[in-house]
Amino acid sequence: MKLLNFLSVFILPFVLFMIILYGLSRKKTVFELFLKGGKQGIDTVLQIAPTIIGLFVAIGIFRNSGALDLLCRLLSPLSKLLRIPAPILPLAILKLFSSSGANGLLFDLFKTYGTDSDIGFAASILLSCTETLFYTVSVYSMSIHIKKTRWLIPAGILIAVLSLFISIQIAGLYAGT
């Protein structure tokens, strides 16, 4: 355990030192390259900031307007047919848009059902195996100037639905253990 603690404290400075040493051995101006990379990073942030802000506003409107609850009510007959627990459905939908919003719902599920419950376990697995699809697609597409995503979003939604089913199945395998 002491070795792990030692490595965790010294690994980052060691890696930084090795990068600087490598740059100097190649006769590169390390500090100028660092500043150039920092400037490119700031430019990228400025390019994608409107997309991120717009997405966060849309998520807030979606959740606070009751649209998420309405969508869950509309999907509840299908979720009952497919044996998807009702409390997990809003989590699966919100995770497509916002990881922080989904984490908030996860904590609410933990408070209501407990972390060791079937719902808590399935929700934890679900959040571990899905991605914030619309956030990721919008940020990456904006940063590399892709205008047509073609099959990216339908494929991502399919993967999210499959992840939902698989997380429920895995939680069911471990129910009561």
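## A tour of the aromatic rings and a nonpolar patch

Select Phe6 to begin: its relative accessibility is 47%, so it counts as partly exposed. Keep in mind that this is a predicted model.

Phe6 and Phe10 both belong to helix 1, four residues apart, or about one turn of the helix.

Five aromatic pairs are counted in this model. Phe6 and Phe10 are one of them: the ring centres are 4.8 Å apart and the planes stand at 45 degrees, so the pair is tilted.

Stay on helix 1, which covers residues 2-25, and pick Phe14. Phe14 is partly exposed because its relative accessibility is 48%. Then colour Ile11, Leu12, Phe14, Val15, Leu16, Phe17, Met18, Ile19 and Leu21. Together they make a nonpolar surface patch of about 860 Å².

Jump to helix 5, residues 99-113. Phe107 and Phe110 sit three residues apart there, so about one helical turn separates them. Phe107 has 48% relative accessibility and therefore counts as partly exposed. With Phe110 it forms a tilted aromatic pair, 6.4 Å centre to centre and 55 degrees between the planes.

Next, select Phe62, Phe97 and Phe134. These three form one aromatic cluster.

Last stop: Gln47, in helix 2 (residues 30-64). Gln47 is partly exposed, because its relative accessibility is 38%. What does Gln47 contact, leaving aside its neighbours within four places in sequence? Show Met142, Ser143 and His145: Gln47 is in contact with each of them. Gln47 and His145 are 98 residues apart along the chain, yet 9.9 Å separates their C-alpha atoms.

How values were computed. Residues numbered from 1 in each chain as written. Predicted model: local features only at pLDDT ≥ 70, side-chain atom pairs only at ≥ 80, totals over all residues. Heavy atoms only, no water. Patch = residues over 30% accessible without salt bridge, like charges linked within 9 Å, V, L, I, M, F, W, Y side chains within 5 Å. Areas by Shrake-Rupley, 256 points an atom, 1.4 Å probe, with all protein chains shown as cover. Salt bridge = Lys/Arg side-chain N within 4 Å of Asp/Glu carboxyl O. Helix = DSSP H or I, 4+ residues; strand = E, 2+ residues; numbered from the N terminus. Buried < 20%, exposed > 50% of the residue type's maximum accessible area, 1.4 Å probe, protein only. Contact = heavy atoms within 4.5 Å. Phe/Tyr/Trp six-rings, centres within 6.5 Å; stacked < 30°, edge-to-face > 60°.
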